[in-house]
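Please read it with the sequence and the 3D view side by side.

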Amino acid sequence: MNFDFSPIADNWRFFASGLGMTVLLSIVSAATSLLAGLVIALLRLYGPRWLRPLLVFYIDSMRAIPVLVVLIWIYFAFPIIANVTFPPFWAALVALTLHIAAYAAEVIRAGIESIRPGQTRAALALGMSRAQILRKVLLPQAIVRMLPAFGSILTIAIKDTAIATVIAVPELMHRAETVAGQSYRPVEVFTAVMVAYFCILFPVTRGVDRLYRRFAHLGRS
Amino acid sequence: MTFDWSVIWTHRAALLEGAALTVGLTVLTMLLAVPGGIVLALMRLSPNKLLQSVSLGFVEFFRNLPLILVIYWAFYVMPMAFDVQFSAITTALVALVLNVAAYNAETFRAGINSIRKGQMEAALAMGMSRRQAMFKVVIPQAARRILPVIASTWISLFKDTSLVSVIAVSELAYTSMQIRAQTFRVLEMLTAMAVIYWLMGYPQAKLVDWIHRKYGVKE
């Protein structure tokens, strides 16, 4: 066996832009998922009663359907009914958000519910409004407790962006497929990209762990 | 726009076969990944430094990689490393097992570690051997805590089998996309694919919730 890593060196700009796209897509989709997840969690906890079964149905459905299926459906099938076409990036962003937001909503709900109800009662007795209680009492404690889960949402987002290759989003995985196909050096290319993904993901998982250990005491009650 | 939903009924045999392969892959992967995870967890908990670091390295590596990349990598590297052509299903199975075994190893390790040290010490003080204490005291308690996590992993695995469609394993996702390409019934086939996944996955998700309620650790 002889290895030839020159396709990677020759195409480094091509790979670098793919890496940039991976980072961009994962950060943006993690952020939109957290925002959407927060809204869903709050609606589920404090929203109108009739909305709850619908939200539970949405969350459980997203736990049941693979992200690949959501991606492909949004990109290929949705435009047929809605008569609009998305560029791949936007389709990926919508699909990933749809999928990950369901997880984020569960994480956030669990975080808020983990704060003892006595605190809410005490705050109500002090004359705080519901919104004030959420902002000043529940969320500050809950967010610290949710930190490790936020970290795993970010890692899930980074890993899931690789699946966006199936709808040709020009991210790292897709770039790897392109170069592997052109250079007939799939082993070298995929191994190099594997190292690259590991180098992004490992510090994220480790970093969140350390961050959490530093701030864990703030979440105690 | 006219839709022709009959295409789903016409291809029901292929879709059923695909769904069966999806379930088969999930079951088979889990059957291999549970022993794999146990071995990795025991290596990690053993006093041997070399075994510890091998296990740690394996687990951290495969937990920090997108599965789709591992599937591609296995597809190209395995035939070269072993000089044999593997079938797509074998390749898919290897990639899935590598991934799930790494997750299971962490689950088992955390489960065993979650049983207070005092229990092991008490068992030893009662005159049990290390092996007896492990199998009669620690593992039965750890198993209850591990079960819900394995159930969650099961659901993720069930969904992740769709990714092996990229190496042309004819499970549900691949089969649906093939029919889509042959019949040009894009919306119908992709919706059918999503609905079939939903029909299979939704009860599993509900079952996992039930397992979590019944066996989950309550603090």
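1. Helices and strands are here DSSP runs, numbered from the N terminus, where a helix (H or I) needs at least four residues and a strand (E) at least two. This is a predicted model, in which local features need pLDDT of at least 70 and side-chain atom pairs count only at pLDDT 80 or more, while totals for chains, interfaces and linings use all residues. Residues are numbered from 1 along each chain as its sequence is written, and chains are lettered from A, with ligands numbered from 1, in the order in which they are written.

2. Chain A contains nine helices and zero strands, so that from the N terminus on its elements read α-α-α-α-α-α-α-α-α. Its C-alpha trace spans about 75 × 45 × 25 Å along the principal axes. A residue is called buried if 20 or more other C-beta atoms lie within 10 Å of its own, exposed if 12 or fewer do, and partly exposed in between, with the C-beta atoms placed from the backbone. Of the 221 residues in chain A, 39% are buried.

3. Chain B likewise has nine helices and zero strands, and the C-alpha trace of chain B spans about 75 × 45 × 25 Å along its principal axes. Buried residues account for 40% of the 219 residues of chain B.

4. For contacts, the rule is that the C-beta atoms of two residues, placed from the backbone, lie within 7 Å. Among contacts with a separation of 6 or more in chain A, 81% join residues 24 or more positions apart; in chain B, the share is 75% for residues at least 24 apart, among contacts between residues at least 6 apart in sequence.

5. Which elements of chain A give two or more residues to the side that touches chain B? The contact takes 31 residues from chain A and 31 residues from chain B, and the elements in question are α3 (51–64), α4 (67–82) and α9 (186–215) of chain A. The most comes from α9(A), with 11 residues. This side of chain A divides into 25 nonpolar, three polar and three charged residues, where Ala, Val, Leu, Ile, Met, Phe, Trp, Tyr, Cys and Pro count as nonpolar, Asp, Glu, Lys and Arg as charged, and the others, Gly among them, as polar.

6. Within chain B, the axes of helix α2 (residues 12–45) and helix α5 (residues 88–113) come within 6 Å and cross at roughly 45°. Axes are lines fitted to C-alpha atoms, for helices over the stretch in contact, and angles run from 0 to 180 degrees between N-to-C directions. The pair α2(B) and α5(B) is therefore oblique, since angles under 35 degrees count as roughly parallel, over 145 as roughly antiparallel, 65 to 115 as roughly perpendicular and the rest as oblique. The residues of this contact of α2(B) with α5(B) divide into 19 nonpolar, five polar and two charged.

7. Two residues of chain B deserve a look at their backbone. Most residues other than glycine have a negative phi. D83(B), however, has a positive phi near 60°; D83(B) sits in the loop between α4 (67–82) and α5 of chain B, and counts as exposed because it has 8 other C-beta atoms within 10 Å. A168(B) also has a positive phi, near 65°, and is placed in the loop between α7 (130–160) and α8 (172–183) of chain B.
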